[in-house]
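Colleague: Could you walk me through this one and tell me where the labels come from? I'd like each term set against its cut-off.

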Amino acid sequence: MKVVIFGLGYVGCTAVGCITSQGHSVIGVDVSAAKVEALNAGLSPIREPGLAELIAAAKENGRLSATVEIGDALNDADIAIVCVGTPSGVDGAHNMSYIAQVSRAIAAAIKPNRAETGKGPLTVAYRSTMRPGTVDMMIAPIFRAALGDSFKQGVELVYNPEFLREATAIEDYFNPPKIVIGTHNGGPCATMDALHEGIEAPIFHVGYREAEITKFVDNTWHAVKVAFANEIGRVCENLEISASQVHQIFVSDTKLNISPYYTRPGGPFGGSCLPKDVRALQYIAGDSGSNTHLVDSLLRSNEAHKHHQFQRVTQGLEPEARILLVGLSFKADTDDLRESPAVDMVRKLLDAGYRVSVYDPSLKPENLVGQNLGYAYAFLPTIDTVLVDKATAEKGNYDVVVATNRTINDLMLGDLPVIDVSKIA
Ligand SMILES: NC(=O)c1ccc[n+]([C@@H]2O[C@H](COP(=O)([O-])OP(=O)(O)OC[C@H]3O[C@@H](n4cnc5c(N)ncnc54)[C@H](O)[C@@H]3O)[C@@H](O)[C@H]2O)c1
């Protein structure tokens with residue numbers, strides 16, 4: 001294929017080296033004359049292990065040229081890849097001016113009659129990190145303004161986030177953790193499939209916004225992991241505990257710790273252990289002067305989520321609406337009510353004046369004992385009056401049913417509206 005790469009920084013130069021090594025020919029475009037000169041001399045403008053050799057080889061076999069002006073580079077190109085920078089702006093948002101400039105330049109360089117030349121639309125794939133909505137709200141309008149309402153006949157916009165890490169960029173390019181292709185309808189794109197041929201990785205075809213947010217989620221998660229590790233490290237150090245041994249134990253648990261567990265957006269955390277032990281670690285960390293800001297924010301974050309769920313459930317409900325909540329314990333198949341988010345939900349709903357019934361087959365108030373009994377009556381004194389049996393739940397006349405866990409699957413509720421707060425789609 002003929003590929004034009006815009007932005008010859010770390011991402012763009014890696015793409016130049018890797019794509020030419022796959023047998024495609026590449027024209028690199030950058031506003032920096034120094035970078036363009038280096039590439040035209042067969043030299044890598046950036047330091048990245050293995051890249052100098054790939055670029056020298058590409059120059060040698062005539063697959064690489066670079067320019068500061070697009071000129072007619074796009075005329076017979078199959079794909080344009082945009083890798084320009086999106087640095088932080090003063091308010092923290094990405095500075096999108098380079099994306100806007102390069103998009104205008106590409107739009108101006110595409111022949112208006114491209115659709116008639118038999119070439120098909122030019123795939124323009126953005127790899128720069130940019131906020132969700134950028135393709136729809138900024139880039140597509142630029143192409144529409146330049147090429148008219150039928151711009152999709154001349155150009156196929158794709159968002160294809162880049163997951164490489166500097167210093168291992170070439171290895172990462174050919175062995176990415178995943179490939180994400182964002183298109184206008186969430187379907188595949190033949191040119192992008194051809195570009196990724198031979199690269200083994202799970203592939204996700206999604207809409208633009210899902211693809212655009214991927215890097216934010218990944219990078220923020222990585223930052224959370226580093227901050228968490230360092231907070232635990234500080235607590236350990238202050239308590240003269242071996243942080244490296246603790247780390248070994250932590251990562252050996254691939255069932256609950258290093259695993260997809262607890263990563264699906266859904267319900268708040270609760271139960272007899274998580275809130276209690278987070279609270280206690282906060283105390284220990286404070287007591288030892290460890291300043292654990294991330295850990296300190298967990299319970300507040302969880303309360304914010306409970307509030308969000310309350311709003312989700314009550315949005316649009318008439319005052320005094322009848323609500324059936326299914327699943328009061330902190331998870332299915334237990335009668336443990338301690339710090340169950342569903343108890344908070346019921347209390348908030350009752351406080352707000354809704355008429356609430358609760359069904360939970362695991363719960364018999366007369367069997368509650370100890371801490372569990374104390375918690376239930378302290379936080380939901382009317383528990384005896386709100387609980388209903390299965391038959392009552394199934395024939396009850398409710399305005400809405402709130403599911404907190406899979407207990408809902410046991411009920412025949414006809415076509416009552418159900419809000420499942422254990423899942424965010
Ligand atoms: N560096 C990484 O490890 C990495 C990894 C994944 C994603 N990203 C994302 O990829 C994007 C590029 O990152 P980078 O580190 O390669 O940036 P960089 O700053 O190294 O390179 C950006 C290049 O774009 C060029 N440029 C700016 N405006 C241009 C224009 N109008 N036309 C042509 N070229 C233009 C600049 O001169 C520069 O050479 C960013 O959005 C970044 O967040 C970076």
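**Labels and cut-offs**

Modeller: Let's start with Glu-339, which lies in the loop between β9 and α12. Element names like these come from DSSP runs numbered from the N terminus: helices are H or I with at least four residues, strands are E with at least two. Keep in mind that this is a predicted model, where local features need pLDDT of at least 70, side-chain atom pairs count only at pLDDT 80 or more, and totals for chains, interfaces and linings use all residues. Residues are numbered from 1 along each chain as its sequence is written, and side-chain values use heavy atoms, with hydrogens and water left out.

Colleague: What is the phi of Glu-339?

Modeller: Near 50°, a positive value in a residue other than glycine. Most residues other than glycine have a negative phi. Glu-240 is another such case, with phi near 55°, and it is found in the loop between α8 (208–238) and α9 (243–252).

Colleague: Why is Glu-240 called exposed?

Modeller: Its relative accessibility is 77%. Exposed means over 50% relative accessible area, buried under 20%, and partly exposed in between (1.4 Å probe, protein chains only). The 77% of Glu-240 is therefore in the exposed class.

Colleague: Back to Glu-339: what makes its pairing with Arg-279 a salt bridge?

Modeller: The closest N and O atoms of Arg-279 and Glu-339 are 3.0 Å apart. A salt bridge is a side-chain nitrogen of Lys or Arg within 4 Å of a carboxyl oxygen of Asp or Glu, so this pair qualifies. The bridge links distant parts of the chain, with Arg-279 in helix α10 (residues 274–287) and Glu-339 in its loop, 60 residues apart. Arg-279 has 39% relative accessibility, so it counts as partly exposed.

Colleague: How many salt bridges does a search of the whole structure find?

Modeller: It finds 16. One of the pairs is Asp-78 with Lys-119, at 3.2 Å, N to O. Asp-78 sits in the loop between β3 (64–67) and β4 (79–82), Lys-119 in the loop between α4 (97–109) and β5 (122–126), 41 residues apart. Glu-303, Lys-306, Asp-344 and Arg-347 are linked in a network of salt bridges.

Colleague: And how do you know that Asp-78 is partly exposed?

Modeller: Its relative accessible area is 22%, so it falls in the in-between class.

Colleague: What about Asp-172 and Arg-165, how far apart are their closest N and O atoms?

Modeller: 2.8 Å, in a salt bridge. Here the classes of the two residues can be read off directly: Asp-172, at 8% relative accessibility, counts as buried, whereas Arg-165, at 52%, counts as exposed.

Colleague: Which residues of α12 are buried?

Modeller: Pro-341, Ala-342, Val-343, Asp-344, Met-345, Val-346 and Leu-349. What covers them includes α11 (293–314), β9, β10 (355–359) and α13 (370–379). After α12 comes Gly-353, with a positive phi near 95°.

Colleague: Why is α5 called roughly perpendicular to α8?

Modeller: The axes of helix α5 (residues 134–147) and α8 come within 9 Å and cross at roughly 105°. That makes α5 roughly perpendicular to α8. The axes are lines fitted to C-alpha atoms, for helices over the stretch in contact, and angles run from 0 to 180 degrees between N-to-C directions. The class covers 65 to 115 degrees; under 35 is roughly parallel, over 145 roughly antiparallel, and the rest oblique.

Colleague: Which residues of α5 and α8 meet there?

Modeller: Thr-134, Val-135, Asp-136 and Met-137 in α5 meet Tyr-208, Arg-209 and Glu-212 in α8, where contact means heavy atoms within 4.5 Å. By class, that gives 3 nonpolar, 1 polar and 3 charged residues. Nonpolar covers Ala, Val, Leu, Ile, Met, Phe, Trp, Tyr, Cys and Pro; charged covers Asp, Glu, Lys and Arg; the others, Gly among them, are polar.

Colleague: Last one: how far apart are the C-alpha centres of domain 1 and domain 2?

Modeller: They lie 48 Å apart. Domain 1 is 2–210 and domain 2 is 264–425, with the bounds taken from an automatic or database domain assignment.
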